[in-house]
Amino acid sequence: MLKDVCIPIPGFGEEEVAELHLKIGDRHISYDFRLESFPWDVEDDSKKKNDENSKSLERIERLKKAINRYDKSWELLQIFNPPENAKYIQVLFRKKK
């Protein structure tokens with residue numbers, strides 16, 4: 001049984017909400033998705049150590065806090081792999097039903 005479908009949406013920008021209408025047989029189903037961008041770059045933080053392990057841990061901890069503080073009416077679906085030297089990381093949420 002197919003549970004997931006990946007649909008590329010070209011030009012989908014930061015802070016946009018997509019609404020997906022799906023028809024399965026005679027049933028119509030709606031989903032709301034939100035793609036959010038959270039800070040990923042830690043270069044400006046002079047208090048922290050400069051090694052890569054410390055930077056990675058700081059990034060992960062900051063993202064974890066942001067996700068935990070996020071509107072609870074949305075559920076986390078996916079965290080996208082940021083490109084090298086990215087300033088932001090994108091996270092996909094779906095509105096809970």
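What is the volume of the second largest pocket? It comes to about 220 Å³.

This is a predicted model, where local features need pLDDT of at least 70, side-chain atom pairs count only at pLDDT 80 or more, and totals for chains, interfaces and linings use all residues. Numbering starts from 1 along each chain as its sequence is written, and side-chain values use heavy atoms, leaving out hydrogens and water.

**View A. The Tyr-70 and Phe-93 rings form a stacked pair.** Rings of Phe, Tyr and Trp (its six-membered ring) pair if their centres lie within 6.5 Å, with planes under 30 degrees apart called stacked, over 60 edge-to-face and the rest tilted. Here the centres are 4.0 Å apart and the planes at 10°. The pair ties together distant parts of the chain: Tyr-70 is in the loop between helix H1 (52–69) and strand E3 (74–79), and Phe-93 in strand E4 (residues 88–95), 23 residues apart. Tyr-70 is buried at 11% relative accessible area, as is Phe-93 at 2%; buried means under 20%, exposed over 50%, partly exposed in between (1.4 Å probe, protein chains only).

**View B. Tyr-31 and Phe-33 make a tilted aromatic pair.** Their rings are 6.2 Å centre to centre, with 40° between the planes. Tyr-31 counts as partly exposed, at 23% relative accessibility, while Phe-33 counts as buried at 17%.

**View C. Lys-97 puts its charged end over the ring of Tyr-31.** That end sits 5.2 Å from the ring centre; the test wants NZ of Lys or CZ of Arg within 6 Å of the ring centre and within 35 degrees of the ring normal.

Technical notes. On a 1 Å grid over the protein atoms alone, a cavity is a set of points where a 1.4 Å probe fits but cannot get out, and a pocket is an open set with protein on both sides within 12 Å along at least five of seven lines; lining residues have an atom within 4 Å of a point. Grid points are joined across faces, edges and corners, and a volume is the space filled by probe spheres set on the points. Helices (H or I, at least four residues) and strands (E, at least two) are DSSP runs, numbered from the N terminus.
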